[in-house]
Structures are given as structure tokens and as C-alpha cells.
Protein chains: 2
Amino acid sequence: MSDMSDPIKSLTELGKKILSSIEDGHFPRIEIPARSTENIVFDEQTEQFILGDSRTTRDSSNSKHIRSFMQLMWIASFSKRLLESGRTSSLRDLYYSSEAFGVRFKDQAESDRLLSDLEALIEYPRESLGFFPEEHSSIYGKVIMRYTVKGYEDKEVDLTISPDGLPIGPALLSASPVRTDAKLILAVESGGMFSRLIETRCWERFDCILVHLGGQAPRSTRRLMRRLHDELHLPVKIFTDGDPWGMHIARVIIAGSANAAHIRDLAIPTAEWIGVNADDIVRYNLPCEDMNNRDLKRLDELSKDSRYLSDDWQSAIESFRRLRKKAEQQAFSRFGIDFVVDEYLPTKIQ
Amino acid sequence: MSDMSDPIKSLTELGKKILSSIEDGHFPRIEIPARSTENIVFDEQTEQFILGDSRTTRDSSNSKHIRSFMQLMWIASFSKRLLESGRTSSLRDLYYSSEAFGVRFKDQAESDRLLSDLEALIEYPRESLGFFPEEHSSIYGKVIMRYTVKGYEDKEVDLTISPDGLPIGPALLSASPVRTDAKLILAVESGGMFSRLIETRCWERFDCILVHLGGQAPRSTRRLMRRLHDELHLPVKIFTDGDPWGMHIARVIIAGSANAAHIRDLAIPTAEWIGVNADDIVRYNLPCEDMNNRDLKRLDELSKDSRYLSDDWQSAIESFRRLRKKAEQQAFSRFGIDFVVDEYLPTKIQ
């Protein structure tokens, strides 16, 4: 992600391989790691989802493959052009742009799928190929990042520059961390809590970088956290609502998701979910609601999910099941506006 | 919004009035502009929604009023405390915080409604009372703003500091515009288009400040646009998807919405919707979809809406009705990634 020239190199290699097949008089063919459910395995060693060994072949001599073969090649060439011109695009835009080149996709689902194939093939995530989500979550804390995007080359930005935080957009994702005073990354589910933690100078008290997840975190946000974790050697803690959905937001950051199993460098196996868990709801007597059928069903699903087979996670699920209650992280406001920073977080972070 | 001391003054006045009633041996009572549908009128003069003359009485001697009277007073006091301590809160947080004070709301809808009553009573929007939405849209362009929030007092920020834009959060909303090189505010519906226009340096070519709306714009975003419009004397143009929903995003920015009719300084009557309109879809032969029943029903509703009675707006609706097609703003990518900046916007902006 830091070095955009690598994906360009991989895309160029891919193009050369196809071309040399043609020059040698062969129909070009490629093999892509299979992204089908059967080939997605939870790796006990690294504690994350990865792809197995199955591969799918796209053979341009096969009339059933020729269409998707061509679509894949077009996406690869569009992506190379994006990177070379320092531009970015979105999934939606990719779909529409195809028409400019006489390439047709049935619908956006089809172009999305082919882009995932390209990710699996050249082993770069779409953000490294120039494709970014439309909506961004935010970040705030004592880190200096160095931009690489056009017009901002080598400019350094302090991530406390805006008291509202900075959006995790294309520019920040392609920037490099330079240095930090922080000792921890604290990821937070809701925007209200994120703002509260900035205002109460939680980032200063706990020397932490705050990341707003905004529900299930976009892949780009997980990627930036992983990168700060790797390059600045910062542990990651995750603070969510106290319900199956919040717990799963944390688990996906820690262990990855099935539909991104073909992407490396996304999961953060040492990241820790600090709560709100069922015990917190009881201990702090938080305002809570009864779980509905959807919540209970979700707990059942998660209890069978390969990412939740350890004793600790099974016990977290079991506690929710016994309690049958859920609470939002903002429920701490019941005890006053600073309670979460003065009382809850210190016990969880230290 | 710039001068947070004014709302504090109004809240203090309100408290004094109540207190002096009690000291005089009277049950305090207040009169609030009625926010009921019958009292919301479209003002032909200013071309925006405003409240009529009806007023609702809350009399603390009436046992039916005493609960909501007390709730309203508590919100006023909570708000004063927020402003005095330089803190912010969200609607959700307000609801939970009430429990810390032994005040009960049936649900969040009730606390939201009471906060709107307070807005109507003291004539300040909730952002001036310390309450902000959890999610923020973004802004980018050549403006210098001066922060007022704690820890950032008098710090100036250039809104081109982050190539991903800056979120329109509490800090930016309470900041003051200092100076600008821009000649125009260009509000854009989708995040993809916003990023594209930053990257292609559209803001430089057209001397514009870019605002990302993210669908129906949050009130806080409309407020910031209005303020930049007023204080920097910048015209506002709005670029949305080509469908009834995009058109209405523009119309609400221009003429206001019924549920914010009690808020002043939100509508921008001189703002202009540049498209995508039905004629653009035809003229540029944009990739489009057939309107579904929901779209067509929405056109019917809008055609009877008091904000759409002028010939121009009726004709915009009629064109969509005849065409029965809709297109997204990103559909311009069909003609290449720069077409929208090189071809479409120049004809619309100049």
C-alpha cells in the first residue's frame, strides 16, 4: 500500500505473461485462487481466514471463459491506468467506466466479483489497485503521516490537525506513518463515542490513536489499523456496543472475514475486544434492552462460526445468551458524560 | 453558531424566567411555537418553510403538562452545562444521559422531540446547543477557518490540509470562516464524485469549495454551507444524481424541510440545482435505469409539494415523468474518468 509501484509491477507482469502466450501462438490462460466457500479455511496457526489450495482456471480458448477473461483483463488495465495517473475510483465507478471501453458487465455485482478475482490473482487488495469505498470512517491521534498523493507529495500531516478527526480516504491510505507518540490504537464503534473520546482528551490520557469504525469497519479502515499496528508496533483494542453485532465487528478485525480471505495483511490476530461484553452490562448496571429474535439467532450463528470455537469466545457468547440483554457503548452516559473515560476505559486499557 | 455565548445567554434567560415565576408564587408556564403540520407554511416571500403563528402552551400547573415541562427544563440545563464545559453530545447520548439525572424518556423519539421543542423555544438549532449528528459529511477547498473548541482556540485550518477532505463535525461547525480564495460552493451528492473532484483539482479550476452531501444532507452540513454562503458571499450550486431523490436533496438545501421549519438560517434560497436533470440524461446519453414505482410515486408526491409549485420545478418533474429514466452522477464515467470535469461541469458552472 505504501509503495504503489509494486501493484503496477504485478499488473505489468500479468500483461506480459498474457502477451507472450499470444506471441507464442497459445491461447492465454490464468489460474486464480478459488474464492468459493469450500476453499475458505480458518487457519488455526495464524487464527485467521485464508484461502486453501484450490484454483480456478480461466482459459481464453474456452468460449465459456472468454467473456470473464476479457473483463478481468480490462479491469487489470483500467487499474494500471488509475495507478499510473495517480487517480482513484470506486466500485460503482468501475462499473460505469467499463462502458467507455465497450466492456459490458451485467450489473455491478459482476464487476465487483471480477475485481475480487483480480485481487486474488495478483495478491493486492483493491485499495492498492486504486479502488476505494465511497464512505470513510475517521482517525485521530498523535501520529505523523506522510502523503504520497499528487499535489501532496512528502507533505506531513499530524493526525490531531482536525479536532473532528481525519477521514480514512484514498490519500491517508496511501500515506506512510512517519512517527508517533502513541502506545495503543483504540478502535471505537460509534461516532458519538469517537467524538467524546477526542473531546475528553482520552487520546492524551491513554496515549492512544482513536479510530472510528462506524459499524462493521470498511476494509480500508482495517488495513490502515493493521499497517499502524505493524509499522509502529502498536497494540489494538476494540470498544464496541454490547451485542452480538458489536462483538462480531471486533472479531472480524481480529480474525478476518470470509469474503476477504484472499487478502493478506488485513487481520490483526493480537487485537483485543475490550467490551462492552455481557459482564460489563451486569457489573455497571448499564441501561439495556432485551435481545430480540434476530440478536439471539445471530448468537447461534456465531457460536458455530469457525472464528468463535475457542473457549474464551464461546464463553463470551454464552454470557450474552444467559443475560439476553444488550447495551450500547453510549449507555455509560447514564453515569455522567465522563464516566466512560474516568472509570470504564482505565480498567479495560491498563 | 460562531458565538456560543448567545445560546448560553438564552438558556440562562429561560431559567431566570422560570425561577422568577416560582419566586412570585406562580406555576411557571412557557409558550412554544407550534411545530405541528398545520403550522408549517411555505413562505412565498422567502421561498422557504417557516412556522406560522400558532403556539403551544406548557403549563406546570397542569398535571398533563408537568412531565414534558420538566423534561424540557432538564434538556435546557443539560445543554447549558454542555456549552459551558465546551463539550458536545449526540441525540442518542442525550437520551441515555437523562438517566444519570433521574429523568426518564419513554424512548429516544421522545427526547428528540423535546429537543426540537427547545430549539423552537429559544430559536437556536441543536448544533448551537451542543448536539451533533454521529456521522459527518465532508468539505474541501481553499478556505481558512478558525477553530474555537477547547485545545484548538484560535488555531487556523486550511480546508485543503487533508486531500481526503475534512469531516463536518462539531469543531468545524463552531469554527469561523476567516478568508477564502473560492468563488463558489459546489455541493456533491456522492462520495465517489467528491473524491474525483478533489483529485482532478476541480476546486482549483472552478475556484470552488467542495461539499460532500452523502445523500440527504445532515442539517449541520446545510448550516455550514449557509454560513459560508452568508459570510463569504459565495453562491451555492448542487450536483446530484439524476432522479427524484437527488432533485429533492437539492430542493431541501434551497427551500428547507418541514421538520426543520422552526430553525432559521438553514435554507439557501439562491442556491441552484445544476443537475443531473432529465435533459442531461438525454443530452449526454447517460447510462440509465428505468424508474421503478417508488421513483414515479415520489415524482407524484413532489409535484404536489408546496416547494415545487413554480413553473421551473414543475417542468423539471414533468421531464423526469416523460423520460421515466434515472441516472447517477457517476454515470458520466462512461465517457472517461475526466469527462465530468472537462465537459459537464464547465457548461453548468459558467
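In what order do the strands of the open sheet of chain B lie? Figure 1 takes up that question, and the other close-ups follow from there. What you see is a predicted model, in which local features need pLDDT of at least 70, side-chain atom pairs count only at pLDDT 80 or more, and totals for chains, interfaces and linings use all residues. Residues are numbered from 1 along each chain as its sequence is written, while chains are lettered from A and ligands numbered from 1 in the order in which they are written.

**Figure 1. The open sheet of chain B.** Its 6 strands follow the order β8-β5-β11-β10-β12-β13, with mixed pairing. Strands here are DSSP runs of E with at least two residues, helices are runs of H or I with at least four, and both are numbered from the N terminus; two strands pair if DSSP finds at least two bridges between them. At the edges you will find β8 (166-167) and β13 (272-275) of chain B, each pairing on one side only. Further in, β10 (residues 184-188) and β12 (residues 236-239) of chain B run parallel and are joined by 4 bridges. Look for B:V188, whose bridge partner in β12(B) is B:F239. Helix α8 (residues 219-232) of chain B lies across β10, β11 (208-212) and β12 of chain B, at about 165° to β10(B). Such angles run from 0 to 180 degrees between N-to-C directions, with axes fitted as lines to C-alpha atoms, for helices over the stretch in contact.

Figure 2. Strand β5 (residues 138-140) of chain A meets β8(A) in the antiparallel sense over 2 bridges. Here A:I139 has A:L166 of β8(A) as its bridge partner.

Figure 3. Chain A is divided into domain 1 (5-129) and domain 2 (138-349), with bounds from an automatic or database domain assignment. The domain centres, taken over C-alpha atoms, are 31 Å apart. In this view, 17 residues of domain 1 of chain A are in contact with 19 residues of domain 2 of chain A; contact means that C-beta atoms, placed from the backbone, lie within 7 Å. On the domain 1 side, β2 (40-43), β3 (48-51) and α4 (108-122) of chain A each supply at least two residues. The largest share of that side, 4 residues, comes from β3(A).

**Figure 4. Where chain A meets chain B.** Here 41 residues of chain A are in contact with 41 residues of chain B. On the chain A side, α3 (91-97), β8 (166-167), α5 (170-173) and α6 (191-199) each supply at least two residues.

**Figure 5. The axis between the copies.** The same surface serves both copies, as 100% of the contact residues of chain A recur in chain B.

Technical notes. Two residues are in contact if their C-beta atoms, placed from the backbone, lie within 7 Å.
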